[in-house]
Amino acid sequence: MFNTLKNAFKVKEIRMKIFYMLVVLLIIRFGTYIPVPGIDVSALADADVSSTLYSYIAGGSYGTIFAMGIGPYITASIIMQLLTVAIPKLEQINKEEGEEGRKKINRWTRYLALGLAVLQGCGQIYSVHNLFLQQNIFVYFVALVTMVTGTIFVMWLGELLTEAGIGNGSSFIIFANILDKLDNAVLVLYNYVYGQGIMAWVTIILLLVVFLALVTFVVLVQDGERRIPVQYTKKMVGRRYVGGQSSYIPIKVNIAGVMAIIFAISLLQFPQTIYQFFPTNQVLAKIVSILQIHAPVGCILYIILIFCFTFFYTSFAFNSVEVADNMKKSGGLVPGVRPGKPTADYIQGIVDRMSLIGACFYAVIALAPIVMQWVFKINVSFGGTTLLIVSGVALELIKSLEAQLVMRNYKGFLS
């Protein structure tokens, strides 16, 4: 990894892309510390505003111009992906119209993100309305416009990062948001051992050992894959035979990536968004309390949703029928399996088993910080889920840099 980064900095074009990414991420993080117009900064600093795992991923801080961060866009993307599967017309646009269809879906996603930003912004302003210096509709409207504009600006910066050609911009923003909260986790550990006895240090050492084991586990499973062998038949082209080579289809353990966990978190945090509009409603308060990830009921629902969304996301991220048809057209076959539907069923069976393994993997990673809090009584926000996201984005960045280095260093067989 370090050699890849060192070699990447030797190439001017890649080096400028990395600096560009760092500047954009710095701008985004800087915006999370700029308060909206009209709010009492000192009162906001003393306010008891709870943070959730989803707020860490979204990256916003209450009362700032980037208060909602990339959150509305993430939610809108999830909704549009669900609608693309549920509505045949959207699925047809996404598949049959190619690049133009994807542009339409992306445009509708932005519109939906704008509507969600307005809705979420209203909820956040209502929850902190007593912190404004002047409490009137005009001040609230200016704050709402500022927050919505900030969200649109973050969305635009994310697309600029994607266009830079070193990975998905939204992933990098989430990556920076999580790392920015790392100091909070370190502070929690420091406060836990400060002035305590030897048992506190033993607990911290155990936590670090578990954390190191999680890092190793995540990296191993992130690159894990099942390779399905494919044999291509020989064809007569002109006066000679071509083809006949062997290849394979890689089936990754984590086809769904981290999206299954983000889907689950978003759904569990939805009542929290509604509760912002009705903070005095005791029924909503009870529901929010029950659905907390660290609560028993919320934890069980969290795991169930992870399994459901893993299979759901994999079902449209990998189309076994399409893969089997493409293999048949190109003369490829899996040894011992008939072409066509039997091949599609065989591949789908492997994908289902890999999805089950991936779902169990996600569940273990997601449960790690919850179990640590139950056992050690320490609220470590930087846990398995955030670790999965950070490691996934880091590996994606390294692979992207390696691909660009190979492209620039490859001279071909004629040179």
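**Working through the model**

Tutor: Leaving out neighbours within four places in sequence, Phe 132 is in contact (heavy atoms within 4.5 Å) with Val 36, Pro 37, Gly 38, Ile 39, Asp 40, Ile 125, Val 139, Tyr 140 and Ala 143. This is a predicted model, in which local features need pLDDT of at least 70 and side-chain atom pairs count only at pLDDT 80 or more, while totals for chains, interfaces and linings use all residues. Residues are numbered from 1 along each chain as its sequence is written, and side-chain values use heavy atoms, with hydrogens and water left out.

Student: Which residues touch the most other members of the largest nonpolar core?

Tutor: They are Phe 132, Phe 172, Ile 251, Tyr 302, Ile 306 and Tyr 362, in a core of 90 residues. A nonpolar core here is a set of buried Ala, Val, Leu, Ile, Met, Phe, Trp, Tyr and Cys residues joined through side-chain atoms within 4.5 Å.

Student: And Tyr 362, is that buried or exposed?

Tutor: Tyr 362 counts as buried, because its relative accessibility is 1%, and the cut-offs are under 20% relative accessible area for buried, over 50% for exposed and partly exposed in between, with a 1.4 Å probe and protein chains only. Tyr 362 lies in helix H16, and its C-alpha atom is 8.8 Å from that of Thr 310, 52 residues away along the chain.

Student: Back to Pro 37, where is it found?

Tutor: Pro 37 is in the loop between H2 and helix H3 (41-46), where helices are DSSP runs of H or I with at least four residues and strands are runs of E with at least two, numbered from the N terminus. Pro 37 counts as partly exposed at 39% relative accessibility, and, neighbours within four places aside, it is in contact with Phe 132, Val 139, Val 142, Ala 143 and Thr 146.

Student: How do the axes of H2 and H8 cross?

Tutor: The axes of helix H2 (residues 12-31) and H8 come within 10 Å and cross at roughly 170°, which means that H2 is roughly antiparallel to H8. Axes are lines fitted to C-alpha atoms, for helices over the stretch in contact, with angles from 0 to 180 degrees between N-to-C directions; angles under 35 degrees count as roughly parallel, over 145 as roughly antiparallel, 65 to 115 as roughly perpendicular and the rest as oblique. The residues making that contact include Tyr 20, Met 21 and Val 24 of H2 and Phe 153, Val 154 and Leu 157 of H8.
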